[in-house]
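Dear colleague,

Please find the structure below for your review.

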Amino acid sequence: MKVQCLQVGPIETNCYLLCDEETRACALIDPGDEAGRIAAAVRQSGCEPSVILLTHGHYDHTGGVTELRRTYPGLSVYLNRQDTPAMGAPETLFPAVPNAIHYAEGDTVTVGGLTVRVLHTPGHSKGSVSLLCGTVLFSGDTLFAGSCGRTDFWGGDMEEMLRSLGRLGRLDGDFTVCPGHMETSTLEWERRHNPWMRQAARS
Ligand SMILES: [Zn+2]
């Protein structure tokens, strides 16, 4: 398993290529912009993308989806239903992702020989999820290195954010944290130093 990060778009969203080196299948996580650059990185990796996994529906995480689907017509796209305009989310912030498969808490998605587990972690948005694969936690805009995502957009809720952070903090063992923006971290470092996660652990 190999993880590669590309920062894309004006808000520097972290798009991840999650590759199964055995089968050469890969997932594209949050391809928020610069679809051409993402496709170039995919070609260079020697992997074939099979799925797009979205941690939430904000435009800066979904902006490259349409173009990547044109490049790779077989791609399935996964998004939690609560982050869709059909569920009342404003289309300016949550552009429609046609024909998305709606994944939810407890679902798993297969990427070649890898299994990605879905944890519903609302707070930044109603439909925010975190994705677990092996020892890597893709935390979207829920958990950032030393911080957490904003809760002042539509569907955001600080109490839910703290519950979600508390839940992530209680996961068994350590994980590499790959967030939706900024640098990577480890869950153990976040448990010790992240003020929001510490507050979540107390409440
Ligand atoms: Zn967001």
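Which residues does Ala-27 touch, not counting residues up to four places away in sequence? Please note first that the model is a predicted one. In this model, Ala-27 touches Leu-18, Pro-49, Ser-50, Val-51, Leu-53, Val-111 and Val-116.

**The nonpolar core**

Ala-27 is among the residues with the most contacts inside the largest nonpolar core, together with Leu-18, Cys-26, Ile-29, Leu-53, Tyr-78 and Leu-165. This core has 49 residues. Strand S2 (residues 13-20) supplies the largest share of the core, namely 5 residues. As a general background, nonpolar side chains tend to be buried together in soluble globular proteins.

**The sheet S1 to S6**

An open sheet is formed by 6 strands in the order S1-S2-S3-S4-S5-S6, with mixed pairing. Strand S1 (2-8) and strand S6 (101-102) stand at its edges; each has a single partner strand, so one side of each is left without a neighbour in the sheet. Strand S5 (residues 76-79) pairs with S6 in the parallel sense, over 2 bridges. Within this pair, Tyr-78 stands opposite Ile-101 in S6. Helix H1 (residues 35-45) lies across S1, S2, strand S3 (25-29) and strand S4 (48-53), and runs at about 160° to S1.

**The sheet S7 to S14**

Another open sheet of 6 strands has the order S7-S8-S9-S10-S13-S14, and its pairing is also mixed. Its edge strands are strand S7 (108-111) and strand S14 (185-186), each of which pairs on one side only. Strand S13 (residues 176-179) and S14 pair in the antiparallel sense over 2 bridges. Here Val-177 stands opposite Ser-185 in S14.

**Helix H4**

Helix H4 (residues 158-169) has 12 residues, which at 1.5 Å a residue should span 16 Å; the end C-alpha atoms are 16 Å apart, in agreement with that expectation. Which residues of H4 are buried? They are Met-161, Leu-162, Ser-164, Leu-165 and Leu-168. Because these residues cover an arc of only 165° around the axis, they lie on the same side of H4. In general, an α-helix has 3.6 residues a turn, so residues three or four places apart point the same way. The cover over the buried residues of H4 includes strand S9 (129-133), strand S10 (136-140), strand S11 (143-144), strand S12 (147-148) and helix H6 (195-202). One of the buried residues, Leu-165, is also listed among those with the most contacts inside the largest nonpolar core.

With kind regards

Technical notes:
Residues are numbered from 1 along each chain as its sequence is written. This is a predicted model: local features need pLDDT of at least 70, side-chain atom pairs count only at pLDDT 80 or more; totals for chains, interfaces and linings use all residues. Helices (H or I, at least four residues) and strands (E, at least two) are DSSP runs, numbered from the N terminus. The expected span of a helix is 1.5 Å times one less than its number of residues. A residue is buried if 20 or more other C-beta atoms lie within 10 Å of its own, exposed if 12 or fewer, and partly exposed in between; C-beta atoms are placed from the backbone. The arc is that of the directions from the helix axis to the C-beta atoms. Two residues are in contact if their C-beta atoms, placed from the backbone, lie within 7 Å. A nonpolar core is a set of buried Ala, Val, Leu, Ile, Met, Phe, Trp, Tyr and Cys residues joined through C-beta atoms within 7 Å. Two strands pair if DSSP finds at least two bridges between them. Axes are lines fitted to C-alpha atoms, for helices over the stretch in contact, and angles run from 0 to 180 degrees between N-to-C directions.
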